[in-house]
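Subject: Structure for you, with notes on helix packing and a pocket

Hi,

Here is the structure I promised. My notes follow below it.

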Amino acid sequence: MVKERARILVVGGGYVGMYTALRLQKKLKREIKRGQVEITVVSPDPYMTYQPFLPEAAAGSISPRHVVVPLRRVLDRCRVVIGEATAIDHAKRTATLSTLATEEEGTGTEELSYDELVLAPGSVSRTLPIPGLAEHGIGFKTVEEAIGLRNHVIEQLDIASSTRDPAVRDAALTFVFVGGGYAGVEALGELEDMARYAVRYYHNVQADDLKWILVEASNRILPEVGAEMGTYTVTQLRRRNIQVLLDTRLASCADRVAVLDDGQRFPTRTLVWTAGVKPHPVLAATDLPLTAHGRLKCTPELTIEGATHAWAAGDAAAVPDVTADAPGTETAPNAQHAVRQAKVLGDNIAHSLRAEPLQTYAHKYVGSVASLGLHKGVAQVYGRKLKGYPAWFMHRVYHLSRVPTFNRKARVLAEWTLAGLFKREIVSLGSLEHPRAEFELAAGGRPPHDPKGSN
């Protein structure tokens, strides 16, 4: 039994937010039923995105709707609020929210009171003041961006196939990816694989006409899989005629020309930015302690240092790694830790409400897996190195086991099975980004993406 009625506010509907609320639903089932505990989840989207599947969704191997988990269905004992937490005053136990309703009403923000706070807003793309990046860069962190990128790549093949201008054709067939981490390498590998397959249906575009470029500021890619597997990945990408430029930075992408710091210039209509993430801006709008890198200072029990009734985990939290040999080491901000931290976090909140001892989060990193396209991958798990088909197969098995709900597991497995029996679907649905364009034209207006229009 809990000591007193508790209102739990979970900020964020990603890995930590959803899994923590899911754990609390299970651990506090009787208390929720009696009205002693109330859980509110605030998320900008009504779903949780399983980000490791974004590259496969972009390549068409998985349907976009199977990459996301609807929060209302999974968190059926929680109150789900679609909106953003813009500020938090923990001293007063209040959070300032901006929701879809407040925007429609024009009443500004609203305040929500709570007793226990779970801060799990995740991270946002880390951008740099590079000329042209805001105008022409494409992110790769959400399912909308993944599907938009897929449509964009296929659209470039259509442009290249129909244009008579060699400069337009060259720019359309040049794809630049900035960032050699998981997101950049997996997205590049999957999309290159898809585009190589797609060109067989174009009478005047060949696979060798495509130019793929990976730009990485450090001297290696995929540091999570180790130096040896990172070097192997570079070799494999280059064998696929993908230029891998290490120790190189993007200096400008103004006028749709990617200019690198070594002087190379690539006219391109596709520049994908995956060069890291940074803490969510809401963390700076709180009265809670932050590290020099802007993450929340946490204890091994996942409480926020110096603040009672406040908890955090995942990308937003600097959690001490008690399994590390070096003092001061923090757990890596990745899905492997986030899912496990959420389980301990949910348990500890329940323990706290019942005046029970808290658990310490301890998990030794077991390794990493990465896909480089269909039947291609690299992995380093428990010190063992895998590459090619075995690594790709392990990548799929691991993430299938981790994607939430049996429903999603079954649907993803079914899609993979069908994909092995039939040909890829190569279709661009670019009109999804502007669904009213056709109707506006019919009504005598201009599509919203028309630069000459009023919108």
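H7 and H9 cross in a right-handed sense. This is in a predicted model. H9 covers residues 182–198, and its axis lies 11 Å from that of H7, at an angle of about 35 degrees. On the H7 side, the contact uses Leu149, Arg150, Val153, Ile154 and Leu157. On the H9 side, it uses Leu191, Met194, Ala195 and Ala198. By class, that contact of H7 with H9 has eight nonpolar residues, no polar ones and one charged.

Next, H1 and H11. H1 spans residues 15–27 and H11 spans residues 335–353. Their axes come within 8 Å and cross at roughly 35 degrees. The crossing of H1 and H11 is right-handed. H1 brings Tyr15, Val16, Tyr19, Thr20, Arg23, Leu24 and Lys27 to the contact. The H11 residues they meet include Ala335, Ala338, Val339, Ala342 and Lys343. Also among them are Leu345, Gly346, Asp347, Ile349 and Ala350. The classes in the contact of H1 with H11 are eleven nonpolar, two polar and four charged.

Then H12 and H13. H12 runs over residues 389–402, H13 over residues 406–421. Their axes come within 9 Å and cross at roughly 155 degrees. Angles over 145 degrees count as roughly antiparallel, so H12 is roughly antiparallel to H13. The crossing of H12 and H13 is right-handed. Arg396, Leu400, Ser401 and Arg402 of H12 touch Lys409, Val412, Leu413 and Trp416 of H13. Four residues of this contact of H12 with H13 are nonpolar, one is polar and three are charged.

Which helix gives the largest share of the lining? H13 does, with seven residues. The lining of the second largest pocket divides into 18 nonpolar, seven polar and six charged residues.

Some links for your set-up.

Best wishes

How values were computed:
Residues numbered from 1 in each chain as written. Predicted model: local features only at pLDDT ≥ 70, side-chain atom pairs only at ≥ 80, totals over all residues. Heavy atoms only, no water. Axes fitted to C-alpha atoms, helices over the stretch in contact; angles between N-to-C directions. Helix = DSSP H or I, 4+ residues; strand = E, 2+ residues; numbered from the N terminus. Parallel < 35°, antiparallel > 145°, perpendicular 65-115°, else oblique. Left-handed = near helix turned anticlockwise from the far one by under 90°. Contact = heavy atoms within 4.5 Å. Nonpolar A, V, L, I, M, F, W, Y, C, P; charged D, E, K, R; others polar.
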